[in-house]
Amino acid sequence: YNATIKCKRKGWNIRRNGYEENTEVEQWSLKQEEGRHGMYRNLFHPSILEPRPDENTDRVAATMLLVRKIQEENRGSAILDKEEAERPAIFHGLFMHDDVRARADVLVYLGNDQWEVVKISTKGKFSRNSNPVGLGFAVY
């Protein structure tokens, strides 16, 4: 939790790599964050997909496979005519370019190979493209 307060990306990396929170406060904070993300998924994108790495595929490659799959499956579809909950979306997609990683809370497919980034705030607010999405990159 303390790592997350100082650097959200570092805190995310610690949790993603299997390190556990040590104190009850850290465990409670993580449960609250996971609850907000779960609530967003259930309310707005019940059929959202999450990249699933395996022994042959890392999370970046798994994200790119999902992106290509969604784009191919929906080629020629009128995506913007669908209700938001019916639009294809990816939860916690991870991308890398020149050794810099970026994770999007939610990527919503808009059609024509275009995607929208949705930020799920830890304060319970959901931001769309109307406000700029802040990006931070940790350097180790």
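Reader: How many residues does helix α4 have, and what does it reach from its first C-alpha to its last?

Author: Quick caveat: this is a predicted model, where local features need pLDDT of at least 70, side-chain atom pairs count only at pLDDT 80 or more, and totals for chains, interfaces and linings use all residues. Numbering starts from 1 along each chain as its sequence is written, and side-chain values use heavy atoms, leaving out hydrogens and water. Helices here are DSSP runs (H or I, at least four residues), numbered from the N terminus. The expected span is 1.5 Å times one less than the number of residues, which gives 21 Å for α4; with 15 residues (59-73), the helix reaches 21 Å.

Reader: Within what arc do the buried residues of α4 fall, seen down its axis?

Author: Buried means under 20% relative accessible area, exposed over 50% and partly exposed in between (1.4 Å probe, protein chains only). The buried set in α4 includes Val60, Thr63, Leu66, Val67 and Ile70. An α-helix has 3.6 residues a turn, so residues three or four places apart point the same way. Going by directions from the helix axis to the C-beta atoms, the buried residues of α4 line one face because they fall within an arc of 165°.

Reader: Which exposed residues does the face of α4 turned away from its buried side carry?

Author: That face carries two glutamates near the end of the numbering 59-73. They are Glu72 and Glu73.

Reader: What kind of aromatic pair do Tyr109 and Trp115 form?

Author: A search of the whole structure finds one aromatic pair. Tyr109 and Trp115 sit 4.9 Å centre to centre, with 55° between the planes. Rings of Phe, Tyr and Trp (its six-membered ring) pair if their centres lie within 6.5 Å; planes under 30 degrees apart count as stacked, over 60 as edge-to-face and the rest as tilted. So the Tyr109 and Trp115 pair is tilted.
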